[in-house]
Amino acid sequence: MYNPQLETFIKVADAGSFNKAADALYITPTAVIKQINLLEKSLDLVLFERTHRGLVLTKAGKSLYQDAKYIISYCKDSVVRAKNAMSEGEKIIRIGSSPTTPAQLLMQLWPEIQAQCPDIKFEIVPFENTPENAKEILANLGKNIDIVGGIFDDTMLNLRKCKGLKLSREPFCCAVSIHHRLAGKDKLQISDLYGENLMLMHRGWSNYVDQLRDDVWQNHSRINIVDFDFYDMSIFNKCENSNAVLLAIKGWANVHPLLKVIPVEWEYSIPFGLLHSPNPSENVKRVLQAAKNTVQAKNQL
C-alpha cells in the first residue's frame, strides 16, 4: 500500500548510516544504498547529505521523515479498518498496547469484566509509542482503538482530546540501570537521589509531575532535573545509557530489561485508568461500567 523504500529510508535516517541500517534490515549495505538512490530519483529529491561523520537529513529529508512515518502508520490502520468492517456485527473492544501503555496492566480486571459482559470479545492492538501516534490514536479513540490503559491527568486529557476512567493511583517510582549505584536498594529515600540526574517530563505535561518538580527545586537542590519531551523507548535507553534516574511507575518494570523500577518514600502519585473517546460506543460504555464496578467491589473488600 506504500513504497517499501520508505521503511528503508526511515531505518537509514534513524541509524545515520547505510551499514547500520543494513544490519537492522538484514540486507547488504549495497541493497540499502540502491533503495535510497531509487527513492531519491523517483521523488527527485536529495534526502541525505553524505558527510564524513555519517548521513544527515536534508530539509527535504526531515520533512519526508515525519510524513513517511504517518503514511506507513495510516496504511497499516487502513488495513485494521478494513478488517473491522468485515466483523461489524461482532462486539469487539480493541485494546491499544505499547511499552508504556501495556495491556498486561489491565489483565487482572478482564475476568470480572468478561463475567459482566460475556458477549463482548477483546482484541489487543499493538502500536509504537511515538509522539505522532499518541496524538493520532488518543484523539481518535473509537476509530481503530477503543481503549488504552495508562497514566493521565486533566491536562493530558485536554491535550490529547480524550477522556479517562480512573481505576487507581500509581505511586511514582524511579527507574535506574541495573548497574546503577541505587539498583541494590528495594526502596529509595528522596535523599538517595542527591547528586543524580532525575529525568522528568517537561513542565505542563502533568500537574502531578509538576508538583514533584516544584518540591525538588525548592527543597532538594542537590538533585539535578533533566527535562524530556515524551516517554518512548529512546528515553528508557537514555536512562540506562547515561546512568540517570527516570521517573516511572511500577507497571513499567518490564519495559526495559536493563532497568530496575524502585519505589520511593514520597507521597507523589498519578491516576491510572482507561483512556477512551469523549463519546464512547455503547459497548465501550458497558466495558467502562464493568471496570468501574470491578474496582469498587475490590475496594470494598
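Me: Helices (H or I, at least four residues) and strands (E, at least two residues) are DSSP runs, numbered from the N terminus. In which element is Pro126 found?

Reply: Pro126 is found in strand β4. The model is predicted: local features need pLDDT of at least 70, side-chain atom pairs count only at pLDDT 80 or more, and totals for chains, interfaces and linings use all residues. Residues are numbered from 1 along each chain as its sequence is written, and side-chain values use heavy atoms, with hydrogens and water left out.

Me: Why is Pro126 called exposed?

Reply: Buried means under 20% relative accessible area, exposed over 50%, and partly exposed in between (1.4 Å probe, protein chains only). Pro126 has a relative accessible area of 65% and is therefore exposed.

Me: What makes Asp119 partly exposed?

Reply: The relative accessibility of Asp119 is 34%, so Asp119 belongs to the partly exposed class. Asp119 is found in the loop between α5 (110-116) and β4 (121-126). Contact means heavy atoms within 4.5 Å; leaving aside neighbours within four places in sequence, Asp119 is in contact with Lys91 and Arg286.

Me: How do you know that the side chain of Asp119 makes a polar contact with that of Arg286?

Reply: A polar contact is a pair of N or O atoms within 3.5 Å; within protein, one must be able to donate a hydrogen and the other to accept it, and residues adjacent in sequence count only if both atoms are side-chain atoms. The side chains of Asp119 and Arg286 make such a contact at 2.8 Å, which is inside that limit.

Me: Why is Asp146 called buried, and what does its side chain reach?

Reply: Asp146 counts as buried because its relative accessibility is 7%. Asp146 sits in the loop between α6 (131-139) and β5 (147-151). Its side chain reaches the backbone nitrogen of Arg94 at 2.8 Å. Beyond four places in sequence, the contacts of Asp146 include Ile92, Leu141, His276 and Val284. Ser17, in the loop between α1 (5-15) and α2 (18-25), is likewise buried, since its relative accessibility is 17%.

Me: What makes the pair of Trp110 and Phe122 stacked?

Reply: Rings of Phe, Tyr and Trp (its six-membered ring) pair if their centres lie within 6.5 Å; planes under 30 degrees apart count as stacked, over 60 as edge-to-face and the rest as tilted. The centres of Trp110 and Phe122 are 4.9 Å apart and their planes meet at 25°, so the pair is stacked. Trp110 belongs to helix α5 and Phe122 to strand β4, 12 residues apart. Trp110 is buried, because its relative accessible area is 11%, whereas Phe122 is partly exposed at 25%. The structure holds eight aromatic pairs, and one aromatic cluster is formed by Trp205, Phe228, Tyr231, Phe236 and Trp252.

Me: How do you know that the span of helix α8 is close to the one expected?

Reply: The expected span of a helix is 1.5 Å times one less than its number of residues. Helix α8 (residues 207-219) has 13 residues, and its first and last C-alpha atoms are 18 Å apart, close to the 18 Å expected. Ser206 caps the N-terminal end of α8, with a side-chain oxygen 3.2 Å from the backbone nitrogen of Tyr208. Buried residues of α8 include Val209, Leu212 and Val216, and what covers the buried residues includes β6, β7 (197-201), β8 (224-228) and β9 (245-249).

Me: Why is a set of residues called a nonpolar core, and which residues have the most contacts inside the largest one?

Reply: The name applies to a set of buried Ala, Val, Leu, Ile, Met, Phe, Trp, Tyr and Cys residues joined through side-chain atoms within 4.5 Å. The largest nonpolar core has 61 residues, and Leu212, Tyr231, Leu246 and Trp266 have the most contacts inside it. Strand β6 (residues 163-177) gives the most to this core, with seven residues. Another core lies apart from it, with 18 residues, among them Phe9, Leu39, Leu47 and Ala68.
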